[in-house]
Amino acid sequence: MNSASNHPAFNSRFLRALRRETVDATPVWLMRQAGRYLPEYRATRAAAGSFLAMAKNPELACEVTLQPLRRFPLDAAILFSDILTVPDAMGLGLYFVEGEGPKFERPVRDAAAIANLAVPDMETELRYVCDAVRTIRRELDPAIPLIGFSGSPWTLACYMVEGGGSDNFGKVKALALNDPAAMHRLLEVVTDAVIAYLSAQRAAGAQALQVFDTWGGVLSPAMYRAFSLPYLTRIARELKRNDVPVILFGKGNAPYLDDLFASGADAIGVDWTVTLEDAARRANGRVALQGNLDPAMLYGNPDAIRAQVQATLDSYRDGNGGSREGHVFNLGHGLSPDMNPEHVAALVDEVHRYSAR
């Protein structure tokens, strides 16, 4: 593998923006850009038989990763996978229930169960993910960067303790309150696994890495600073040694932006509950910013979407002293299955048109 600076993608808009360098137009990619809103994705999933069968087949994962890039001039591809691959590889028994989402056969809810957890071997239990990264990198245009990703330790712990999704996160919060030492042991082993997992994706060919702290926003400020932030910071700092940019994204992370800006990450993804103007002013050039259009704006018509794109781009510039550098356009969360691909096309095209230097 060539060093990062020798790779054809090194001078892409996306990686230049993460380095806060000048770009000819603001780069754009979208969370869940490979997904059920695309008819070709639905056809591939139907042929595969299930989501997991698709995610665990490197050729199918490659096909689904590339589908949105055939439709739209996106500035980055993101690995098609699931954040729960790591706890699945730890032996928790991941499965999916139609209409309910992911579940674990063997959730961990006490110190004894946590003590049995170990970091999975990346080239055995998670080889299918590394093989998918290698396959995508081989098939993807060399000039287009590939993003690898993981769930955050807190977010993964939520699923591992709850056994699936949750309305109130009662079980995982109870563990954190009643046995904080056990909760920290769980977060430590998951953090070790996340670092190994993202390092393996980097070695397999990913040019950037994103950590999804989907459920960090359900914590109180004191619990966030105890059970999420320190582990995000450790991941960002340890992955910096791999010469790869790291993006930390969290739903509801606006109250913690100053902490995240000091984490060592190259970029912070923000949702739509904070303006980019405010976030850029607080960042003061320390990190790149990614975001932050409300995904629901894609239910508007193309003219309305274009107006929202312009407002988002202007908001970043207004908070960044008139400069457009250091911004990756994205949604504040992922695309939904009922969104219109033509609306996505309008968004991508308007980002490039309106931000062209």
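How many of the five residues of strand E6 (residues 246–250) are buried? The close-up views below, all taken from a predicted model, begin with this strand and then turn to a helix and to groups of charged side chains.

**View 1. Strand E6 and the burial of its residues.** Five of the five residues of E6 are buried, so the strand is largely enclosed by the rest of the structure. Val-246, Leu-248 and Gly-250 point one way from E6, whereas Ile-247 and Phe-249 point the other way, and the residues of both groups are buried.

**View 2. Strand E6 with its pairing partners E5 and E7.** Strand E5 (residues 208–213) pairs with E6 in the parallel sense, over five bridges, and Phe-212 stands opposite Phe-249 of E6. Strand E7 (residues 267–269) is also paired with E6 in the parallel sense, here over three bridges, and Ile-268 in E7 is the bridge partner of Leu-248.

**View 3. Helix H9 and its buried side.** Within helix H9 (residues 170–178), the residues Val-172, Leu-175 and Ala-176 are buried. These three cover an arc of only 95° around the axis, which puts them on the same side of H9. An α-helix has 3.6 residues a turn, so residues three or four places apart point the same way. The buried residues of H9 pack against helix H6 (111–115), helix H8 (153–162), helix H10 (180–204) and helix H11 (221–227), while the face turned away from the buried side carries Leu-177 and Asn-178, which are exposed.

**View 4. Salt bridges of Glu-21 with two arginines.** Among the 27 salt bridges found in a search of the whole structure is that between the side chains of Glu-21 and Arg-16, with an N to O distance of 3.4 Å. Glu-21 also meets the side chain of Arg-19 in a salt bridge, at 3.0 Å from N to O. Glu-21 counts as partly exposed because its relative accessibility is 27%; Arg-16, at 23%, and Arg-19, at 26%, are likewise partly exposed.

View 5. Asp-131 forms a salt bridge with Arg-127, and the closest N and O atoms of the pair are 3.4 Å apart. Because Asp-131 and Arg-127 lie four residues apart in helix H7 (residues 127–139), about one helical turn separates them. Arg-127 is partly exposed, its relative accessible area being 39%. Together with Glu-123 and Arg-134, these two residues are linked in a network of salt bridges.

How values were computed: Residues are numbered from 1 along each chain as its sequence is written. This is a predicted model: local features need pLDDT of at least 70, side-chain atom pairs count only at pLDDT 80 or more; totals for chains, interfaces and linings use all residues. Side-chain values use heavy atoms; hydrogens and water are left out. Buried means under 20% relative accessible area, exposed over 50%, partly exposed in between (1.4 Å probe, protein chains only). Helices (H or I, at least four residues) and strands (E, at least two) are DSSP runs, numbered from the N terminus. The arc is that of the directions from the helix axis to the C-beta atoms. Contact means heavy atoms within 4.5 Å. A salt bridge is a side-chain nitrogen of Lys or Arg within 4 Å of a carboxyl oxygen of Asp or Glu. Two strands pair if DSSP finds at least two bridges between them.
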